[in-house]
Amino acid sequence: MELVFVLSFVSIGLAYDKASFYGASYISYPLQEAKGITDISFRFRTHLSDALLLLAAGKTDYCMIRLEGGKLKLHINLGAGESELSSAKGTYLNDTQYHHVSIIRREANLTMKVDDSVVKKKLPGRFFELNIHFGIFLGGQGDFSELFLGHMENFRGCMEDVYYNGVKIIEKARSRSGSVHVEGVTWNCALEFDADISSDISFIDEGAYLILPKINSRAGGRWQIEFKTITPNAVILYNPGGGRGSDFLAVEMLEGVVRVKMAKSQIVHTARVNDGQWHKMHLMFNPSVIEPMRYERTCVSHLRH
């Protein structure tokens, strides 16, 4: 198995009415109202086929917009049971391109426009107020949980120009107006959402990590890693192995020096690499040898059985 990945830190530009969501992010905006009209509009982009975009939640009433199988679906309940609208057949919105969504409700008359496609529906019942008690949620539901929600994946991607009945939700969230709660959101459309397979990866806080397919350490493999950092102590790569971890593999940095460790042996480079410059490391391993290389320098450590 041969894998290559590149690590770096990237500066981030800001935009006033944009937000990036990273899979555990969400915005919760407190709102209580009962209205016979609903006006929602926003733009979004993502690669996810299933995700929650927006939820307006009441005790029994709700208006929920989410991606399901790449299609946009609106679920709304005014007390007479749930009604559903879906975007046009054959159109999938998880293509990383921006899509514009507009929802207009005038009592029982509901219209949803996605880009240039329009669908309409007449809602059942006799009472047409949408009663909201718990507020508006963007990108995820946080700690809020009701039975009607079921399981929903959080959103990962960008949203911008989000309006709910005239309220600019992202603008209110960024200014921390009222009791708004923001979790893990940045006020831009992050460069990582334009990344391709050759792009650098940035770990922007101590809790950031990337999960890759599990390595079979006993079968061996070869990795090429390019990285730059000023952090003296960090985990670069860790594989727990099988069973009780008897065949684990760890690549870490201690006091700026790279150490590669397996269950029965380890090897340590002497050169410090936490200088903020790019460094390339090749790592070849199998049950009998670890062979890490920095630039053209090679050091081999044979395992003892």
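Analyst: Glutamate 160 is buried, with a relative accessible area of 7%; buried means under 20% relative accessible area, exposed means over 50%, and partly exposed lies in between (1.4 Å probe, protein chains only). The model is a predicted one, in which local features need pLDDT of at least 70 and side-chain atom pairs count only at pLDDT 80 or more, while totals for chains, interfaces and linings use all residues. Residues are numbered from 1 along each chain as its sequence is written, and side-chain values use heavy atoms, with hydrogens and water left out.

The side chain of glutamate 160 forms a salt bridge with that of arginine 43, at 2.7 Å from N to O. The term stands for a side-chain nitrogen of Lys or Arg within 4 Å of a carboxyl oxygen of Asp or Glu. This pair links distant parts of the chain, 117 residues apart: arginine 43 belongs to strand β5 (residues 37–46) and glutamate 160 to strand β15 (residues 156–164). Strands (E, at least two residues) and helices (H or I, at least four) are DSSP runs, numbered from the N terminus. Arginine 43 is partly exposed, at 27% relative accessible area.

Strand β15 also holds arginine 156. The side chains of arginine 156 and glutamate 192 meet in a salt bridge, with 2.5 Å from N to O. This pair, too, links distant parts of the chain, with glutamate 192 in the loop between β17 (181–183) and β18 (221–227), 36 residues apart from its partner. Arginine 156 is partly exposed, with a relative accessible area of 26%, and glutamate 192 is partly exposed as well, at 38%.

As for the setting, the chain has one helix and 26 strands. Of its 305 residues, 44% count as buried. Among contacts (heavy atoms within 4.5 Å) between residues at least 6 apart in sequence, 63% join residues at least 24 apart.
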